[in-house]
Amino acid sequence: MKGSILLLLACAAVLAATARADTSEQPEALVRKVQEYAQKASAVVKGAFNTLQESEMAQQARRWLSDNAELAKQQLARLKQQLAELWKRMPAA
């Protein structure tokens, strides 16, 4: 997901820079503006992801997942056992 967001931001940066570029500007200046915009956009996205990861809701979700991981493993093992028993009872075709 991070890659697609960054790609989207890079495309938007190129479009924005192209739309605002004067015909008198050198291509190097345009490339520099796009690179600067992409770096700023990347920094903003990284900051948003860090903020999200540090949020209380994300921390609670991680705690819930770690607390319930063992229960999920037990249920999966039980399901595997039931499927194996069912497979044994199936008549050979």
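This note goes through the fold, the helix contact, the salt bridge and a surface patch of a predicted model.

1. Overall fold. The protein chain holds three helices and zero strands. Read from the N terminus, the order of elements is α-α-α.

2. Burial and surface. The protein chain counts 93 residues, and 9% of them are buried. Buried here means under 20% relative accessible area. The chain exposes about 8200 Å². Carbon and sulfur atoms supply 63% of that area.

3. How H2 and H3 cross. Helix H2 covers residues 27–54, and helix H3 covers residues 56–89. Their axes come within 5 Å and cross at roughly 55°. H2 is therefore oblique to H3.

4. Residues at the H2–H3 contact. On the H2 side, the contact involves Leu52, Gln53 and Glu54. On the H3 side, Glu56, Ala58, Gln59 and Arg62 take part.

5. Salt bridge. How many salt bridges are there? The count comes to one. Its partners are the side chains of Arg63 and Glu56, at 3.3 Å from N to O. Arg63 has a relative accessible area of 42%, so Arg63 is partly exposed. Glu56 is also partly exposed, at 46%. Glu56 is also listed in the contact with H2.

6. Nonpolar patch. Which residues make the nonpolar surface patch? They are Leu76, Leu79, Leu83, Leu86, Trp87 and Met90. Leu86 has a relative accessible area of 44%, so it counts as partly exposed.

How values were computed
Residues numbered from 1 in each chain as written. Predicted model: local features only at pLDDT ≥ 70, side-chain atom pairs only at ≥ 80, totals over all residues. Heavy atoms only, no water. Patch = residues over 30% accessible without salt bridge, like charges linked within 9 Å, V, L, I, M, F, W, Y side chains within 5 Å. Areas by Shrake-Rupley, 256 points an atom, 1.4 Å probe, with all protein chains shown as cover. Salt bridge = Lys/Arg side-chain N within 4 Å of Asp/Glu carboxyl O. Helix = DSSP H or I, 4+ residues; strand = E, 2+ residues; numbered from the N terminus. Buried < 20%, exposed > 50% of the residue type's maximum accessible area, 1.4 Å probe, protein only. Axes fitted to C-alpha atoms, helices over the stretch in contact; angles between N-to-C directions. Parallel < 35°, antiparallel > 145°, perpendicular 65-115°, else oblique. Contact = heavy atoms within 4.5 Å.
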